[in-house]
Amino acid sequence: MGFLDAFNVSRLKEGLNKTRTNLLEKVQKAIHGKTRIDDEVIEQLEEVLIAGDVGVQTTNILIERIRDRVKKERYENPDELNGLLHDETQKLLLNGSLEMVDPSSIPQNHRPHVIMIVGVNGVGKTTTIGKLAYNYRNSGKNVLIAAADTFRAAANEQLEIWAKRAGVKMIQQSQGADPAAVAYDSLKSALANNADVMIIDTAGRLHTKVNLMEELKKIKRVLQKLMPDAPHEVLLVLDASTGQNAIQQAKQFTAAVGITGLILTKLDGTAKGGVVLAISHEFDIPVKYVGVGEKIDDLQPFDRKAFVDALFER
Amino acid sequence: MFEDLSQKLESVFKKLRGQGKITEANVAESLREVRRVLLDADVNYKVVKQFIDDVQKRSIGQEVLQSITPGQLIIKIIYDELVTLMGKTNAEMTDSPIPPTVIMVAGLQGSGKTTFCAKLAHYLKNKGRYPVLVAADIHRPAAIDQLEMLGNQIQVPVVTDRTRRATDIAAESIDQARKGARDVVIIDTAGRLHIDEEMMQEIENIKTKVNPHEILFVVDSMTGQDAVNTAKAFLERLDYDGVVLTKLDGDTRGGAALSIRAVVNKPIKFVGVGEKLDALEVFHPDRMATRILGMGDIVTLVEKAQAQFDEQKALRLEEKLRKAQFTFEDFLDQLREIKKMGSLQQLLGMIPGIKRLPINAQVDDTALIRVEAIIQSMTKEERQKPHIINGSRRRRIAYGSGTSIQEVNKVLKQFSDMQKMMKKFSKGKMPRMFEGMHFSA
């Protein structure tokens with residue numbers, strides 16, 4: 001597993017375990033006692049996928065592909081359905097996905113590596129940043145956090161606590177300050193202090209608020225004044241319990257600031273986060289991390305194979 | 001994605017057109033589309049299944065009114081069913097005869113509890129109450145600071161204690177409220193996962209200790225299929241009295257509202273519609289139904305057209321049209337009927353398929369207001385007999401309506417065009433009236 005040792009892998013398994021048993025049980029129930037993949041199996045499979053927030057459209061795509069393969073490759077044994085589903089689901093996530101994220105290896109050609117964190121309200125951006133900063137610092141990186149959520153009451157205070165826990169520096173201004181100015185000043189400081197990684201927290205915003213989306217664009221623009229290729233990553237944080245609206249979120253945030261990756265939080269609940277299949281497939285955006293708890297080491301790199309394995313283990 | 005849904009429904013409706021009764025055969029296809037609409041809106045799949053079955057049972061055998069298509073009737077049945085399912089508009093809260101009334105707020109992380117608490121305090125304060133906020137979220141970093149700042153913004157005191165357990169803070173706050181002559185206590189609790197036994201035990205303990213008069217469960221309106229699980233789990237532990245839907249100012253269709261109503265028989269009391277502290281509204285089941293259906297615009301149009309356009313008036317008008325007696329008086333009536341239905345832009349948006357028309361469907365409502373003003377500046381006689389409106393009358397009308405002679409001319413011209421057009425299709429039915437109405441300022 002190599003760099004994965006830096007993480008507490010068992011927690012990932014733990015978090016995903018609920019996802020696995022829930023879906024797996026249902027699929028198994030669906031195929032129990034059947035000798036071939038009939039309409040009923042497909043129908044029950046559909047239900048399982050829908051129940052996992054995969055969404056009608058993506059479910060239909062998956063089921064169509066499975067139907068096709070059953071036809072062409074003459075799968076007759078329903079036990080093979082899990083394998084098939086596994087395969088096709090992984091293909092959805094593979095589409096445009098990168099390899100697993102390794103926090104200890106950031107591109108050599110630029111310093112700092114600027115990461116901007118965006119998302120709607122309440123998905124867990126600030127917490128995720130704390131965890132992310134902790135991961136980078138753990139692998140020996142010099143990390144700086146920019147507190148550009150100048151809107152929400154006590155956002156600075158909350159982030160500051162996380163920065164302390166992670167043992168990294170944070171740059172902030174008063175509530176109500178221009179977030180772009182915070183980002184700009186932070187990047188200046190990061191450049192001056194040779195920081196390896198700079199993580200920018202932004203205020204939660206609904207993707208439908210035009211002005212707030214413009215504000216994000218502005219943050220990106222001012223960063224580019226100092227560093228033309230910044231931000232190097234723009235990560236959209238999604239709450240695993242969010243339903244199909246996550247697709248709209250991905251769409252609008254991508255249109256505004258060009259999302260390069262997803263972070264799926266709160267996967268330690270009973271929600272399955274299946275909507276990332278649709279997003280990854282539709283927009284070619286890889287899932288980079290999953291959040292599986294409230295502790296500082298509860299952010300894990302997204303391993304699509306493990307994720308799909310966990311969903312549809314044979 | 002959603003737009004092609006309404007297109008699909010439209011094509012389904014097309015096939016149904018001209019069939020007098022809803023039968024099992026013609027309802028099936030519509031319901032398949034409706035099922036998809038509901039699933040896309042994140043209504044729980046089990047709830048959808050049950051719901052569709054119910055609607056099917058209700059629909060079959062229903063007579064289709066002449067004015068609407070069977071498809072539209074099914075949508076109307078679905079809409080009515082949805083509204084019923086989601087209960088009444090109900091923001092009533094239990095009020096303790098001995099103050100203070102204690103309200104406890106619970107929910108998952110990030111659902112918007114803290115913001116809601118502040119909004120509720122603001123709402124109650126505006127109603128003449130004296131609320132106090134209690135920061136019982138000792139887990140999330142800076143949650144206490146956040147509530148303090150929000151309390152400060154709305155000038156509502158906040159009880160905090162950074163050294164004690166949540167249960168004790170909550171319990172003690174009630175004494176403090178009594179001493180401070182506060183009549184409502186709003187307790188903000190930490191966000192917790194319904195499967196986190198330790199945390200669920202904590203909130204159960206708070207409940208036992210303070211015995212709240214009202215417990216509100218806060219849920220993010222963007223929640224997907226899992227909404228039923230969390231709503232049920234919190235109900236089992238807390239038996240809450242009402243639900244609050246947050247973040248409805250986005251574009252989520254909010255199917256979670258229906259899912260929750262279906263599995264827990266508790267009213268949805270408030271909805272959060274923005275980040276500002278006054279962005280709290282009482283729940284309206286009809287608006288929610290429209291939203292979940294997505295293409296509920298059709299419902300609204302059907303409903304509104306049915307309600308506003310009373311048959312008799314329409315008949316009288318048709319009679320007039322046939323005899324070509326349509327006057328500015330009738331025109332004014334028409335304008336007002338349309339205004340009752342909402343803005344023209346909204347109205348156009350409600351017409352299925354309008355988005356695919358090549359014409360630019362941008363309509364300016366102010367144009368209508370000006371037209372109305374112009375007609376109102378006419379004398380009775382002028383309205384009956386527009387041909388008598390000469391130059392000096394035009395000047396007077398322009399002056400009286402605050403418009404220009406050019407605008408008055410334009411309206412007169414459009415009116416006479418309209419009269420001509422109406423003669424042409426005077427055999428046709430009322431709704432076609434709208435086709436002749438093209439206005440620009």
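**Entry 1**

The contact between them draws on 22 residues from domain 1 of chain A and 30 residues from domain 2 of chain A. How many residue pairs are in polar contact across the interface of domain 1 of chain A and domain 2 of chain A? I found 3, with both residues of each pair at pLDDT 80 or more.

I next looked up the area buried between domain 1 and domain 2 of chain A, which comes to about 2,100 Å², with carbon and sulfur atoms giving 60% of it. My search for salt bridges between domain 1 of chain A and domain 2 of chain A returned a count of 0.

**Entry 1: chain A against chain B**

Turning to the contact between the chains, I noted 42 residues from chain A and 34 residues from chain B. Chain A and chain B bury about 3,400 Å² between them, and 55% of that area is on carbon and sulfur atoms. Across this interface I recorded 3 salt bridges, and one that I looked up by name joins the side chains of Glu47(A) and Lys49(B), at 3.2 Å from N to O. The count of residue pairs in polar contact between chain A and chain B is 17, again with both residues at pLDDT 80 or more.

Which helices of chain A each supply at least two residues of the side that touches chain B? I listed α1 (9–31), α2 (39–51), α3 (56–73), α6 (155–166) and α9 (245–257) of chain A. The helix that gives the most to this side is α6(A), with 5 residues. By class, the side of chain A that touches chain B has 12 nonpolar, 18 polar and 12 charged residues.

**Entry 2: salt bridges over the whole structure**

A search of the whole structure gave me 37 salt bridges over all chains. Arg192(B) lies in the loop between β4 (184–189) and α8 (197–210) of chain B, while Glu202(B) is in helix α8 of chain B, so the pair ties together parts that are 10 residues apart in sequence.

**Entry 3: backbone details**

I then checked the backbone, bearing in mind that most residues other than glycine have a negative phi and that most peptide bonds are trans. The peptide bond from Ala230(A) to Pro231(A) is cis, with omega near -10°, and I located Pro231(A) in the loop between α8 (210–226) and β5 (233–239) of chain A. In chain B, the peptide bond from Pro99(B) to Pro100(B) is cis as modelled, with omega near 5°, and Pro100(B) is placed in the loop between α4 (70–85) and β1 (101–107) of chain B. Asn194(A) has a phi near 55°, a positive value in a residue other than glycine, and sits in the loop between α7 (179–192) and β4 (197–202) of chain A.

**Entry 4: confidence**

For the complex, the predictor gives an ipTM of 0.87 and a pTM of 0.77. Chain A has a mean pLDDT of 84, with 81% of its residues reaching 70 or more. Over residues 1–13 of chain A, however, the pLDDT is below 50, and this stretch has 23 contacts in the model beyond near neighbours in sequence. Chain B has a mean pLDDT of 81, with 74% of its residues reaching 70 or more. Here I marked residues 1–6 of chain B, where the pLDDT is below 50 and the model shows 11 contacts beyond near neighbours in sequence. I also marked residues 352–361 of chain B, where the pLDDT is below 50 and the contacts beyond near neighbours in sequence number 11. My caution for later reading is that where pLDDT is low, the predicted coordinates should not be read in detail.

Methods: Residues numbered from 1 in each chain as written. Chains lettered and ligands numbered in written order. Heavy atoms only, no water. Contact = heavy atoms within 4.5 Å. Buried area = accessible area lost by both parts, 1.4 Å probe. Salt bridge = Lys/Arg side-chain N within 4 Å of Asp/Glu carboxyl O. Polar contact = N/O pair within 3.5 Å; in protein donor to acceptor, adjacent residues only side chain to side chain. Helix = DSSP H or I, 4+ residues; strand = E, 2+ residues; numbered from the N terminus. Nonpolar A, V, L, I, M, F, W, Y, C, P; charged D, E, K, R; others polar. pLDDT = per-residue confidence, 0-100.
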